[in-house]
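The sequence and model are shown first.

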Amino acid sequence: MNNHNIPACVWKVKVEVLKWFLVCTVACTCVGVVYIQWTHIWMLRAELSEVKQRFRPLETSGTEGGICCDPAVCCGVSCYHRFPERLKHEGCRDKRDVTEQKKQRKRRQTEQHTFLHLVPVSSQSYNDHDTTVLSWALGQSRGEGLQVSGDTVTVEAEGTYFIYSQVLYKDTTWLMGHVITKRLKGAETKLMKCLKSMPSNVSQPLNTCYTAGIYFLESGSTLQLSVPRKSAELILTAHATFMGLFSI
């Protein structure tokens, strides 16, 4: 059959049918896509609801009895991102433990800042030992780990200490200096020595000698500062002659 012999009305019908077919095809495709998306959303909502029900007991039991069992719950952070396996291994911290930790931290801070600064009171010369020993008074202090009595500093709390000392000399001897000695259970150890040459060709020679060091001091040990010269001429003022130590 020749297509040129088909009437125009038949062509119009075919075109209309084709249009409706295309419209139905597009509509069915859109409906299918919407249905797939709705199904996916419904599955996500179901999974989210299951996750919430699974973790809700952990969130509600996190602060039972005034005890915080989970730091995340106590700080207002959601627990949903945490795993039950991790929560099983985290123990509950009692408020008493927190208080005890604070006390221990404060005690450690106090011990770490224990110090003693001494100012001179007088000097005593010992001719038999060719020595001049200084006696001290308390300038500043903190804590009870260090005690001073006369010319001796007693260590009550053992630890590592920074020790410093300075003496101002006005002696005519060409070389002056001082020694810090530690005594413990009859044993004597010279911890630090300081030597300084005195100026010559002056009417009143003056010079200072400063020394410092870090040492471990046992409980019960004592420290003493002495000048290895009898009748040494010293300037006993707080800003020129002093001794001190503090824990580190």
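## Aromatic residues

One aromatic cluster is formed by Phe-162, Tyr-164, Phe-242 and Phe-246. The count of aromatic pairs comes to 3. The model is a predicted one.

## Overall architecture

The chain contains 4 helices and 11 strands. Of its 248 residues, 26% are buried. Among contacts in the chain with a separation of 6 or more, 64% are between residues 24 or more positions apart.

The accessible surface of the chain is about 17,100 Å², and carbon and sulfur atoms account for 56% of this area.

## The largest pocket

Rolling a probe the size of a water molecule over the atoms shows where empty space is left. The largest pocket has a volume of about 240 Å³. Two or more residues of its lining come from each of strand S2 (131-142), strand S6 (175-184), strand S7 (187-197) and S9.

The lining comprises 13 residues, and those nearest the centre of the pocket are His-129, Thr-131, Arg-183, Gln-224 and Ser-226. By residue class, the lining of the largest pocket divides into 5 nonpolar, 5 polar and 3 charged residues.

## Ser-226

Ser-226 belongs to strand S9, which spans residues 222-227. Is Ser-226 buried or exposed? Its relative accessible area is 11%, under the 20% cut-off, and Ser-226 is therefore buried.

Apart from neighbours within four places in sequence, Ser-226 is in contact with Thr-131, Thr-132, Val-133, His-178 and Val-179. Ser-226 and Thr-131 are both among the residues that lie nearest the centre of the largest pocket.

Conventions: Residues numbered from 1 in each chain as written. Predicted model: local features only at pLDDT ≥ 70, side-chain atom pairs only at ≥ 80, totals over all residues. Heavy atoms only, no water. Buried < 20%, exposed > 50% of the residue type's maximum accessible area, 1.4 Å probe, protein only. Contact = heavy atoms within 4.5 Å. 1 Å grid on protein atoms, 1.4 Å probe; cavity = no way out; pocket = protein on both sides within 12 Å on 5 of 7 lines; lining within 4 Å. Points joined across faces, edges and corners; volume = space filled by probe spheres on them. Nonpolar A, V, L, I, M, F, W, Y, C, P; charged D, E, K, R; others polar. Phe/Tyr/Trp six-rings, centres within 6.5 Å; stacked < 30°, edge-to-face > 60°. Areas by Shrake-Rupley, 256 points an atom, 1.4 Å probe, with all protein chains shown as cover.
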